[in-house]
Amino acid sequence: MDRNLLLLSLLMSFIADGAGQDVCHRPELGAHIQLERLQRFFSPGDEITLVCQPGYTPVSGPRKIICRANGEWTKSKLLCIAKSCPYPEPLLNGELEYEDTVYQSTINYTCQEGFIIKGARTLECLSNGQWSNPVPECQPVQCGLAPIPQFGGIVYDSLVSGNTTNYGTKGTYKCLPPYVMFGDARAECTSNGNWTKTPECRVVTCPPPEKIERGYMSINDKRRYDYMETIKYGCHGDFVIEGNQQIVCQKYGNWSEKPSCKAPCPVGIHRGRILYREQKLWIKELKPKRILHSELISVYCMNTERKCGYAVSTQCIDGNLKIPECFEEPSLNTYNLHYDTLPSEITQC
């Protein structure tokens with residue numbers, strides 16, 4: 001065997017057999033503590049400095065240990081704790097998620113709907129106590145200017161400059177007269193970078209309106225009428241108009257509902273007293289002997305058990321007035337000579 005190899009073998013055997021009990025072995029270190037030297041064995045009196053691993057900071061000492069004659073190291077209370085990075089500030093129009101701000105911790109950034117993140121989405125706390133990247137920004141999604149419909153325009157809710165608009169910008173479409181808008185008049189720059197659907201501006205006209213029975217119109221022109229033009233109706237004589245007196249040309253080229261003329265009602269009573277327009281009248285005092293559509297009159301009926309009278313109302317409906325069944329028309333003799341016994345004249349129930 002080579003002499004040098006033999007000497008090396010003997011030396012290793014000597015060390016392995018525990019020769020030289022005053023030799024210190026490489027010390028066992030606490031968490032995140034390391035030696036700057038790589039050797040395995042140390043002689044009594046040797047002094048070594050303990051350091052913290054990158055990303056950790058010493059908080060108590062001493063930081064040096066010495067190899068004693070008995071082969072043991074002096075004690076050290078050195079602790080290494082993770083370095084901290086600055087606490088993150090709130091992200092405008094976004095959110096951040098993290099559990100801690102110490103070495104190797106991470107922060108995840110997200111933006112609210114309608115905003116795009118500019119910069120790194122994830123930051124890591126580095127060994128130097130700084131974050132790996134600058135804080136990102138949440139910039140609004142941008143749209144172009146709102147599309148303009150033919151024969152129309154838009155009025156923005158806020159000042160718009162240049163050829164771009166930000167997410168959330170809103171406006172109101174308007175059509176030039178006599179064009180009519182079909183679609184939503186409100187517009188908005190959406191989170192996908194597009195404007196909401198653009199409405200259309202169309203010409204709308206209505207055909208000549210129809211006449212109504214027993215009535216007349218304010219205009220009789222046989223032409224087409226523009227959107228929102230109006231015509232008024234009236235009724236002849238004692239006929240009463242029911243419904244809206246005025247009709248209007250509507251958005252889809254049709255007129256609003258026409259009114260109708262309702263007929264007055266003859267009062268089919270020859271003898272008796274009635275209550276009409278808060279007045280008690282003998283039937284002969286009702287001139288002409290009719291009431292208008294939707295008006296009320298009351299006739300008087302007899303409660304034979306209690307021997308008292310009571311009024312019962314009835315309404316005129318388009319020429320039809322139904323007399324209550326409880327009403328009994330008095331005889332001519334009773335009406336002329338004993339009218340004070342009629343239900344309308346005696347004590348009321």
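A: This is a predicted model, and the structure holds nine aromatic pairs.

Q: By what is a pair of aromatic rings described?
A: A pair of aromatic rings is described by how far apart the centres are and by the angle between the planes. In this structure, the ring centres of F151 and Y179 are 4.2 Å apart and their planes stand at 5 degrees, so this pair is stacked, the cut-off being under 30 degrees.

Q: Where in the chain do F151 and Y179 lie?
A: F151 belongs to the loop between β13 (142–144) and β14 (152–156), while Y179 is in strand β17 (residues 179–182), so the pair ties together parts that are 28 residues apart in sequence. F151 is partly exposed, with a relative accessible area of 34%, and Y179 also counts as partly exposed, at 24% relative accessibility.

Q: Is the pair of Y225 and W255 stacked or edge-to-face?
A: The centres of these rings, of Y225 and W255, lie 5.4 Å apart with the planes at 70 degrees, so the pair is edge-to-face. Y225 is in strand β22 (residues 225–226) and W255 in the loop between β25 (246–248) and β26 (260–262), so that the pair links distant parts of the chain, 30 residues apart.

Q: Are Y225 and W255 buried or exposed?
A: Both Y225 and W255 are buried.

Q: Which residues do ring pairs link into a cluster?
A: W282, Y335 and Y339 are linked into a cluster by ring pairs.

Q: What sits over the ring of F182?
A: The charged end of R202 sits over the ring of F182, 4.2 Å from its centre, and K251 lies over the face of F182, at 5.2 Å from the ring centre.

How values were computed:
Residues numbered from 1 in each chain as written. Predicted model: local features only at pLDDT ≥ 70, side-chain atom pairs only at ≥ 80, totals over all residues. Heavy atoms only, no water. Phe/Tyr/Trp six-rings, centres within 6.5 Å; stacked < 30°, edge-to-face > 60°. Helix = DSSP H or I, 4+ residues; strand = E, 2+ residues; numbered from the N terminus. Buried < 20%, exposed > 50% of the residue type's maximum accessible area, 1.4 Å probe, protein only. Lys NZ or Arg CZ within 6 Å of the ring centre and 35° of its normal.
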